[in-house]
Every structure is written in structure tokens, then in C-alpha cells.
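This report describes the protein chain shown below.

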Amino acid sequence: MGTTAVVAGRVVAGTGVLAAVALLPWLSGTDPALAVLRARSADQDPSPGQLAAVREQLGLDRGPLPHLLRWLGGLPRGDAGVSWVSGHPVLPEVMNAFAVSVTLMLGALVVTVVVAALLCARTLRHGARPRADTAVAFLAALPKFLLAALLATVFAVWLRWFPSGGWEGPASMVLPSLALGVPSGAVIGGLLERSLPAVLAQPWVRTWHACGLPPGHIARHGLRGAVAGVLPQLLPTVVALVGGAVAVEKIFTVPGLGRLALDAALARDLPLLQTATLVLVLLGVVAGVLVRAARRALLGPALRDGALPALEPCAVRPHRFTRWVACSCALVLLTLVVAGLLRDPSHVNMAARLASPSITHPLGTDALGRDLLARLGHGALRTTALALAVTAVSVLIGLLVGTAGRAGEGLTEVVSTLPAVLVGLLTTAVAGPSVWGAACAVSLVAWTPHAAQAAALFEQERATGHVRVARSMGAGRLHLMRRGLLPAVLPSVLSNAVLRLPTTVLVLASLGFLGLGEQPPAPEWGRLLSENQPYLELAPWTVLGPAGALVLLSVVAVSATPGGARRR
């Protein structure tokens, strides 16, 4: 029954995604022939005759269903059609980009594992209680495109140790892998660091210590239990980079699948977009199966036999230095916001464009001469409120899907690898560009990390002795969920949500930058990062200000969040 539900969920979710993508050229409200013709020739004002010729050539007047059926019919023969823009066969182009993105993802996975191991080394060695780690918050809040630009400037332009772009050999993947893997490793490491102390405090650990077993041997066995709860996060955090690393791919000119899918979506190149989406969906399913198999191997027969130790919420015990850092960050952030609110965020002064920080402009000015401190202060409430709203909705959806167990597993696998930009284009096509449309689009994909984590933890908690005893005594599902399962799972899910808060801000900004969300001149933090990205090398203060504010917000949020779950 469980396997049937998973397969049915994968089929239904995959079919729904492909059907929605097939409707994109007709849902957008604009002539798809116009988008295709502009992508072909950059002609901004084509004649009616040219548009009619494109419609006839592509058969756009017949609607989406014939195109979808013809595309599906060619797949068993290895024929995914030809690109509406270039006229070249789609499948070789998609597979080449997929191979590049998978290679880059594997490099990012190595960096992720190394960063996570370094962050957890102290906890694994000493078995300390979980602490609010400012290093985790700092690294998790780093915008990937900003890290990519800094790495390219330092190691490619100044030191010339690595290529600045292209994809010509192993050296070309070092800097992009670092840019993608360091923030991902911080997220995985932060979650793992909060779950390790509970595992290492279990009775069997004390027994093994008393028997004189080597600490390394005990640590390896303890790591198995902690990794099993965090392992599902690899799907939405690392595997999703295959289609979601667009910014880094553009900075390093990597011919990956993310760039290809985005360009196809903007050009309404339907065969190319459908094939790229299908590859991403299949990747999510395959990766989900592998992650589940690895997780079951780590937990062993105890998961099947209901012999796992129970989960119990535990509080973070901040170190004195950590408390001092968190309070300092909160004070600095509050000072910046209050000072910015006293200034005009919309005043344009072209004579002071890209001015460096000074007494008049403490954070400098942007390309239009607007004061960055003012825009930072006025965008604080808008940025924080919107990101918190999206995070709250995502957590709620994730918990609901997670409680469904294996029935929601297929849906999570399919959606995990979809780029938020693609969902944003679909949402905008239906509802039009707006800040709430962008928030809805992000919520439609941002729930997957929480669903994957919640489903794994719910499964582990249901396989504990106290739940089995409670069921034998007649406890109902609602009672078990309210008194046993949810209190054990919720703290870990909230910790995950807080670590991903800066990512939510940046994804919302990317949609606004494409005209799908917050529109200028709104002083939103993520948009400040996006619109000032081209000036990073010329005027780095235009990006460092909002990036620093994101880091401060992340440190404060992580410090104020309760810890994960511990075993009892």
C-alpha cells in the first residue's frame, strides 16, 4: 500500500507539473510567437506578418494539447522535438547541460560534506550540548551569487589560480562548487550539529564508554543516527542545485541545466522547457529513492521493528560569547534600521551615484545616487515580514505533507528539484506580477525541505517504543500527534526554517529581478542585492550593506530559535 501511494504520488505530481509547463506559453497572456521571435532575432517590434509566420510554423493556433501529445509520443523513440528558437534537436542539448549540472552538483556535494563535517567536528568530538552557532548562521546567510563573485574576483582575477568562467576541465568546477557548497554545507551542518548531542547522550553511549570502546568507534555509530534524520535534506539542498544554480552558472558562464531551463522559459521554448523539466522531475525521483534507501540502511532493523529511541525537544544553551555576538548583531541591525528610517529612500542624486561610504552616506549610494542606508532601513519591515510569512506558510505545508508519510513522498521528490523561477513564471502567468504572487510561488516550492525533514522524523518517532505502547493502550491518532509526534518534530523543523530564512529573501528577490515580484523602486533587501550585483567589483559597498544585514538577521534569528530534537 505504501509503495503504491508513493508511485501514484510521483505520477500525479509529475503529470501535473508537465501539464502546467505545457500551458505556460498560452497562460502568460502574451503572444508566444512574440517571445519566440524576440529570442531568435532580438527584434523588439516584429511585423504582424512575421508573427503569423511563426504561429503557422510552430502550430501555436492549435493550442497546448496537440503539442504535449506529440512531445510525449516522441519520448519513447528518444525524440523530444526541436527547439522553437534554435531549431536544433532538444534532447542532446538538455543532456549535455544535465551532465554539466550533475558534475557541478557532485562537486558542491563534496564541499557540503566537508563544511558540514568541520562545523560538527567539535560537537562530534566532545558531545557538547547544541549551541547557537554564529558561524553556521553567517555561512548559511551568504548569498551564493555574492560568494561566487568574491571567489571569482579573488581566485580567478587577482590570483589567477582558477578559470574565471567556462567549463573546460576539473579546474573550472572548483569555484562554482565552493560558491554552491559552502552555504549548503552550513545548513546541513547546522541541522546535524543540533541533533548530534542528543544522539551522543543516549544510554548506549555511556555503556560503551564504560566498556572502554574507542571514542572514534562510538562517534561513528552515533553519527549514523544523526545523519539519518538530516539525510533527506540533501534532496532540496544539494540535488536541487542541478536546476537552481542559475545565478552561479551565469557568473561563471557554466552551460548548466538551470540556465538552459530559465532561458527556455523566458523565450517560451516549449520543447526545450518540457524536456528540461522532465529531466529535473526524474532526477528528483531517483535521488529520493537513493536517499530513502541510504536512510533505511543507516537506521537498520530498529526502524522496521519499532525499536528506535524517542525524540524529545531540547533547548539551545548559548555560550557567553555567542550571547554577546547575538546581542551585538541585534543592536547593530536595530541601529541601521532606525537610522535608515530617518532618511529618504527614493531621493535620486545622479551626481552622487555609486558614492563610497561617508558621513553623508554611511553605507554609500547605489547606481541612481540613492542612499543605501535609507533603502536598507525602509526595506527592513517589508523584507522581514514577507520572508517570515513565506516561511510560516512553507512550514505549515511541509508539516501537513510530512504527516501524510509515504503518500506525500512522491510529491516532495517531484517538487524538490523544480526551480522557483519556473514556478514563479507559472504563477505570474495566472495571477500577474505582484509581490504576493512571488510569495505564493516561493511557498509552492519552499515547503519541500520541511516536508522531507518532517516525514523522516515522523517516521522515526512512530517507530519508537512509547508510541507503540500508547497505541496499545488505545491512544488515537489526534492524541498521538498532539501530545507525542508534533512536539518531538516541530523544534527541528523550526530550526531548519530559520536557517533557510535568508535563502527565502534571495529567492523572492530573484523573482522581482525578473519582473515577477517586488517591483522597483521598492527598497527590499533582496532586490537591493539583485539590482546592485553588476556593480560588485566597481562599488562593492552597494552589495555588502544588504548582504551584511541578511547575515545579522540570520545570526539573531538562529540565536533566538530553540534547538532540534534529542533522543530520550
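## Overall dimensions

A compact globule of 568 residues would have a radius of gyration near 24 Å, and the protein chain, with 25 Å, agrees with this. The radius is taken over C-alpha atoms, and the globule rule is 2.2 Å times the number of residues to the power 0.38. Along its principal axes, the C-alpha trace spans about 85 × 65 × 45 Å.

This is a predicted model, in which local features need pLDDT of at least 70 and side-chain atom pairs count only at pLDDT 80 or more, while totals for chains, interfaces and linings use all residues. Residues are numbered from 1 along each chain as its sequence is written, and side-chain values use heavy atoms, with hydrogens and water left out.

## Secondary structure and contacts

The protein chain has 27 helices and two strands. These are DSSP runs numbered from the N terminus: helices are H or I with at least four residues, strands are E with at least two.

A contact means heavy atoms within 4.5 Å. Among contacts between residues at least 6 apart in sequence, 77% join residues at least 24 apart.

## Burial and cores

Of the 568 residues, 54% count as buried; buried means under 20% relative accessible area, exposed over 50%, and partly exposed in between, with a 1.4 Å probe and protein chains only. A nonpolar core is a set of buried Ala, Val, Leu, Ile, Met, Phe, Trp, Tyr and Cys residues joined through side-chain atoms within 4.5 Å.

The largest nonpolar core holds 131 residues, of which Val 242, Leu 257 and Trp 525 touch the most other members. Helix α5 (residues 90-126) gives this core its largest share, 14 residues. Another core, of 13 residues, lies apart from it and includes Leu 399, Phe 458, Met 481 and Val 493.

Leaving aside neighbours within four places in sequence, Trp 525 is in contact with residues including Leu 333, Leu 376, Gly 379, Pro 546 and Leu 553.

Most residues other than glycine have a negative phi. Arg 160 has a positive phi, near 60°, and Arg 268 has one near 55°.

Arg 160 is placed in the loop between α7 (144-158) and α8 (174-200). Arg 268 is found in the loop between α14 (257-267) and α15 (270-299). Is each of them buried or exposed? Arg 160 is exposed, because its relative accessible area is 70%; Arg 268 is buried, because its value is 13%.
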